[in-house]
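Me: I would like to go through this model with you. Could we begin with how the chain is divided?

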Amino acid sequence: MARSFLIKVPASSANIGPGYDVLGVALALFLELEVTIDSSKASETNADPNNCLLSYSEDSEGYGNVPLSSDANLITRTALYVLRCSNIRKFPLGTKVHVRNPIPLGRGLGSSGAAVVAGVMLGNEIGQLGFTKQRMLDFCLMIERHPDNITAAMMGSFCGSFLRALTPQEVERREIPLAEVLPEPSGGEDTGLVPPLPPIDIGRHVKYNWNPKIKCIAIIPQFELSTADSRSVLPKAYTTEDLVFNLQRLAVLTNALTLDPPNPDLIYPAMQDRVHQPYRKILIPGLTEILQSVTPTTHKGLLGICLSGAGPTILALATENFEEIAHEIINTFDKENVKCTWKLLDVAHDGSTVEPLPASSPVDAPAFQDE
Ligand SMILES: Nc1ncnc2c1ncn2[C@@H]1O[C@H](COP(=O)(O)OP(=O)(O)O)[C@@H](O)[C@H]1O
Ligand SMILES: N[C@@H](CCOP(=O)(O)O)C(=O)O
C-alpha cells in the first residue's frame with residue numbers, strides 16, 4: 001500500500017542588516033517535496049543506489065542542474081544522514097520524491113537552508129522517527145552551521161537565534177567534517193558508518209512579532225554567489241566600535257519591526273550594518289550605490305534596505321510603492337550590467353509543514369531493504 005505526503009519549506013532572508021548569523025525571516029515562497037512510498041513500485045526506483053527516484057518540475061529553480069542521484073542531491077543526502085543516524089541505510093523500496101522549487105539558488109534567499117530543512121523533515125517522515133522541530137533543528141545545524149536561515153525556515157516568522165555553548169564532548173560530535181556526516185556521492189560504496197546523533201538543543205531561538213503592514217521586496221540579480229564565497233571575504237576580527245554599532249541597531253530593530261505604524265526614521269538607520277555588507281560590496285556590483293541611494297526620503301513607503309543573506313539579492317522592507325522601489329534598484333543594477341527579477345513576498349508564519357496527500361494510506365510500515 002502506498003503512503004504519500006507533502007513537505008513545504010519557506011525561503012528566508014537572513015541578517016536583515018545588523019543581525020549577521022542571528023536574524024532570519026521566513027518568506028512565503030515554498031520549496032515543496034511530494035513524496036510517495038509504494039513498495040509495489042520498487043522496480044521503478046532501483047536504478048538509484050538508495051532506492052529513491054528524484055525528479056524536479058521543469059519550472060523549478062535548478063532544474064537540469066541539480067544532481068538527481070540521492071547520494072549527491074542536498075535534499076536526499078540530508079535525509080540519508082538523518083536516516084543513517086538511526087541506522088537506516090537507504091530509503092524504503094519504491095520511494096519517489098518530486099521537487100518543486102521556486103527559490104533561486106545561490107542568491108541569498110536561503111535555498112540551501114530550505115533544502116537542508118526539507119531533507120531533515122524527509123528523513124524524519126520516511127523513517128517515522130518522531131523528532132520534534134526543535135530536535136530536527138539540531139540535525140540541520142550539523143550541516144548548515146549558521147542558525148539564521150535554518151531557524152526561520154523550520155519555525156517560520158521572524159526569528160532571532162544563537163548556538164548554545166557546547167561541552168567539549170558535544171563539540172567533538174558537532175565538529176565532525178561534513179564529508180563524514182553526509183554520504184559521499186559518486187555511487188561509492190556505503191561505508192556502513194552510523195553518524196553520531198547531533199548534540200541536543202544546539203540552536204536556541206525566539207520568534208519576534210512582525211508588523212503585517214511590512215512587506216518584503218526581493219530584488220534578485222541573475223548571477224549566483226555562493227554563501228561560502230560570500231563568507232570568505234569577511235574579516236576574522238572586528239573593532240569594538242563596529243561590533244557595538246551592530247549590537248545597538250540589532251536591539252532596536254527587533255522591536256522596531258513590531259511597532260505600528262512602522263517608523264522609517266527608526267527602521268532605516270537600525271538596518272545599517274558594519275559587520276558583513278561593507279566587505280561583500282566587492283562581490284556585488286552596484287551594492288554601495290543601492291544601499292545609499294534608496295532611502296525613505298527618496299522613496300515613500302520604504303522602511304529599510306539591506307543585503308538578503310549572503311547576497312546578491314537586495315531586501316527592501318516597505319509598506320507601499322513596491323514596484324517603484326524595485327525598479328529603482330533594478331535600474332541601478334542595470335547600470336552595472338546586472339539583470340534582475342523581483343518578487344513581493346509576505347512573511348511565512350508557519351515555517352515548514354508536512355501533510356498527508358489524498359492517496360495516502362499511512363497504515364503500512366515502509367518496506368526497508370534487507371542489508
Ligand atoms: N532545492 C535544492 N535542491 C538541491 N540542491 C539545492 C537546492 N537548493 C539549494 N541547493 C544547493 O545549495 C546551493 C546554494 O546554496 P548557498 O550557496 O548557500 O546559497 P543560498 O543563499 O541560495 O542558500 C546550490 O548551488 C545547490 O547546490
Ligand atoms: N548569515 C549568513 C546567511 C546566509 O544566507 P543565504 O541565504 O545567503 O544562504 C551569511 O550572511 O553568510
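Reply: Domain bounds here come from an automatic or database domain assignment. On that basis, the protein is divided into domain 1 (3-205 + 349-356) and domain 2 (211-345).

Me: How many residues does each domain bring to the contact?
Reply: Domain 1 contributes 23 residues and domain 2 contributes 30 residues, two residues being in contact if their C-beta atoms, placed from the backbone, lie within 7 Å. The centres of domain 1 and domain 2, taken over C-alpha atoms, are separated by 27 Å.

Me: Before we go on, what kind of model is this, and how are things numbered?
Reply: This is a predicted model, in which local features need pLDDT of at least 70 and side-chain atom pairs count only at pLDDT 80 or more, while totals for chains, interfaces and linings use all residues. Residues are numbered from 1 along each chain as its sequence is written, and chains are lettered from A and ligands numbered from 1 in the order in which they are written.

Me: What are the confidence values?
Reply: The average pLDDT of the protein is 93, and 92% of the residues score at least 70; pLDDT is the predictor's confidence in each residue, from 0 to 100. For the complex, the predictor gives an ipTM of 0.99 and a pTM of 0.94.

Me: On to the ligands. Where does ligand 1 lie?
Reply: Domain 1 and domain 2 both give residues to the shell around ligand 1, so ligand 1 lies between them. Of the 21 residues around ligand 1, Ser 111, Ser 112, Ala 115, Ser 226 and Thr 227 come nearest; a residue is near a molecule or strand if its C-beta atom, placed from the backbone, lies within 6 Å of it.

Me: Which helix gives the largest share of that shell?
Reply: H3 does, with four residues. Helix H2 (74-85) and H3 each supply at least two residues of the shell around ligand 1. By class, this shell divides into eight nonpolar, 12 polar and one charged.

Me: What about ligand 2?
Reply: Both domains also give residues to the shell around ligand 2, so ligand 2 lies between them. Among the 18 residues around ligand 2, the nearest are Ala 14, Gly 108, Thr 227, Gly 309 and Ala 310. Helix H3 (111-126), helix H5 (147-155) and helix H8 (227-232) are the elements that give two or more residues to this shell, and H8 gives the most, with three residues. The shell around ligand 2 has four nonpolar, 11 polar and three charged residues.

Me: Last topic: what is the strand order in the open sheet of four strands?
Reply: The order is E8-E9-E7-E10, with antiparallel pairing; two strands pair if DSSP finds at least two bridges between them. Strand E8 (302-307) and strand E10 (340-345) are the edge strands, each pairing on one side only.

Me: How many bridges link E7 and E10?
Reply: Strand E7 (residues 215-221) and E10 pair over six bridges. Ala 218 has Lys 343 in E10 as its bridge partner.

Conventions
Nonpolar A, V, L, I, M, F, W, Y, C, P; charged D, E, K, R; others polar.
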